[in-house]
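Subject: Structure for you to look at

Hello,

I am handing over a structure that you have not worked with before. Please open it first, then read the notes under it.

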Amino acid sequence: MNDDAPDDVPKALPGVTVEPRPAASLVVVRQEADGPRVLMARRGAGHRFMPNVLVFPGGAVDPEDFTAPCATPPRDEVRDRLRRLAGDALAAALPAAAARELAEEVGLTLGAPPRLHGLDLFARAVTPPDRSMRFDAYFFAVDASFVAGDMRASIELEAPAWYSLEQAEAAELAGATRAVLWQFRRWLAAPSHHGPLPVLRERAWVHE
């Protein structure tokens, strides 16, 4: 699938290439009788980056994520995949960032310190090189049974709620979010979650 939605970030100045910042997003999925629902929330109108669109909790890796403690680490296959794609330091920081952003943005927690063994890595998306703001975002999934706390809004995200996949797809989404949601559908239906990771690079999916 190509991500042929309109670009969501202004172009960089001619001759300028912005290095992408490592980032992590977390798709919390809750199985219900009528199908899966995912936790999403809306970015405020005042945001410079992707205002008013529905997103998953997530954001850039912070320095403290590299040394953040965890109650349980990611499973070996998840950690090995992260090390191969991102290196040892980011392999530890990315799951920690996903857990931190979940708590900061919507008030839910994987524990304190977080239990990371329920995380799966299902996609990665790199902002195209001609954009003025770039992220190298890793997308994790976790079942809602691993999550605790009272859901709330924050200065980052408004009105968090559980959306069916159809409801999410009908909402206002950034192009990359729509593409990742499509990939999440495929991941849910897959009999195995092993193998190369789908990566949205140069507006097209490749496997790495």
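This is a predicted model: local features need pLDDT of at least 70, side-chain atom pairs count only at pLDDT 80 or more; totals for chains, interfaces and linings use all residues.

Two elements supply at least two lining residues each: strand β5 (120-126) and helix α4 (175-189). Of the elements, α4 gives the most to this lining, with 3 residues.

Helix α4 also contains Gly-175. Gly-175 has a relative accessible area of 3%, so it counts as buried, the cut-off being under 20%. In sequence Gly-175 is 28 residues away from Arg-203, while the C-alpha atoms of the two are 9.3 Å apart in space.

The other helix is α2, which runs over residues 88-106 and has 19 residues. At 1.5 Å a residue α2 should span 27 Å, and the distance between its end C-alpha atoms is 28 Å, which agrees. In α2, 14 of the 19 residues are buried, so the helix is largely enclosed by the rest of the structure. Gly-107 follows α2 and has a positive phi, near 80 degrees.

Regards

How values were computed:
Residues are numbered from 1 along each chain as its sequence is written. Side-chain values use heavy atoms; hydrogens and water are left out. Helices (H or I, at least four residues) and strands (E, at least two) are DSSP runs, numbered from the N terminus. Buried means under 20% relative accessible area, exposed over 50%, partly exposed in between (1.4 Å probe, protein chains only). The expected span of a helix is 1.5 Å times one less than its number of residues.
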